[in-house]
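Please keep the model open while reading.

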Amino acid sequence: MNRRILISGCSSGGKSTLLEELGKRGFATVPEPGRRIVAEEKAGTGAALPWVNPEAFARRAMEMARSDLIMAKRKTGLIFFDRGLVDAAVGLQTASGLCFTDTIGTHRHYDRTVFLTPPWPEIFVQDEDRRHGLKAAVQEFEQLNSALQDLGYEIVMLPKVTVQERADFVLQRVGGE
């Protein structure tokens with residue numbers, strides 16, 4: 001049996017850093033679809049970059065997140081996801097107006113407990129692949145928080161502490177240590 005643990009929340013809130021730490025501790029992790037898509041698009045046509053075509057980007061993210069879930073079925077134990085299907089569906093809703101429940105339904109695709117990274121201005125960083133600002137990241141966080149509640153997830157806000165302390169916190173909550 002496996003448990004799919006979703007780590008979602010505010011952009012630049014420390015999700016990828018946390019997943020890297022969990023990976024170092026021997027846990028299975030699934031990298032963020034968005035960063036993978038941006039890398040692929042920059043190497044290709046660039047037609048589905050989020051700042052070029054947000055809807056195409058969100059649709060690719062949904063495809064990738066679904067594929068990640070299928071792949072995860074083959075693994076056992078705890079599997080930590082850096083963003084996922086809910087994030088992609090909320091992104092598609094923002095880009096197209098299509099309600100997230102119309103694209104992913106009301107079924108929970110991840111473990112009931114979801115961890116959210118809150119807005120953390122002190123560590124927020126824009127870069128070539130993350131071009132939106134903190135205000136947009138906070139709006140995204142609020143949309144994700146609302147959508148996850150609507151889907152019946154138990155939301156656990158991650159504390160603003162060191163990455164090691166965050167990893168310990170997550171593992172304690174999911175029974176991984």
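The crossing between helices α4 and α6 is right-handed. This is a predicted model, and all values here are computed from it. Helix α4 covers residues 85-96 and helix α6 covers residues 134-150; their axes come within 10 Å and cross at roughly 115°. On the α4 side the contact is made by Val86, Asp87, Val90 and Thr94. These meet Gln143, Leu144, Ala147 and Leu148 in α6. Sorted by class, the residues in the contact of α4 with α6 are five nonpolar, two polar and one charged.

A further helix pair is formed by α2 (residues 33-43) and α3 (residues 54-72), whose axes come within 9 Å and cross at roughly 120°. Angles from 65 to 115 degrees count as roughly perpendicular and those over 145 as roughly antiparallel, so α2 is oblique to α3. The crossing of α2 and α3 is right-handed. From α2, the residues in contact are Pro33, Gly34, Arg36, Ile37, Val38, Glu40 and Glu41. Their counterparts in α3 are Phe57, Arg60, Ala61, Met64, Ala65 and Asp68. By class, seven residues in the contact of α2 with α3 are nonpolar, one is polar and five are charged.

The aromatic rings come next. A pair of aromatic rings is described by the distance of the centres and the angle of the planes. Searching the whole structure gives three aromatic pairs, and two of them are described here.

In the pair of Phe81 and Tyr110, the ring centres are 5.2 Å apart and the planes stand at 75°. Planes over 60 degrees apart count as edge-to-face, so the pair of Phe81 and Tyr110 is edge-to-face. Phe81 belongs to strand β3 (residues 77-82), while Tyr110 sits in the loop between α5 (100-104) and β4 (113-117). The pair therefore ties together parts that are 29 residues apart in sequence. Both Phe81 and Tyr110 are buried.

Phe115 and Phe169 also form a pair, with ring centres 6.5 Å apart and planes at 75°, so this pair is edge-to-face. Phe115 lies in strand β4 and Phe169 in helix α7 (residues 163-174), and the pair therefore ties together parts that are 54 residues apart in sequence.

Key:
Residues are numbered from 1 along each chain as its sequence is written. This is a predicted model: local features need pLDDT of at least 70, side-chain atom pairs count only at pLDDT 80 or more; totals for chains, interfaces and linings use all residues. Side-chain values use heavy atoms; hydrogens and water are left out. Rings of Phe, Tyr and Trp (its six-membered ring) pair if their centres lie within 6.5 Å; planes under 30 degrees apart count as stacked, over 60 as edge-to-face and the rest as tilted. Helices (H or I, at least four residues) and strands (E, at least two) are DSSP runs, numbered from the N terminus. Buried means under 20% relative accessible area, exposed over 50%, partly exposed in between (1.4 Å probe, protein chains only). Axes are lines fitted to C-alpha atoms, for helices over the stretch in contact, and angles run from 0 to 180 degrees between N-to-C directions. Angles under 35 degrees count as roughly parallel, over 145 as roughly antiparallel, 65 to 115 as roughly perpendicular and the rest as oblique. A crossing is left-handed if the near helix is turned anticlockwise from the far one by less than a right angle, and right-handed if clockwise. Contact means heavy atoms within 4.5 Å. Ala, Val, Leu, Ile, Met, Phe, Trp, Tyr, Cys and Pro count as nonpolar, Asp, Glu, Lys and Arg as charged, and the others, Gly among them, as polar.
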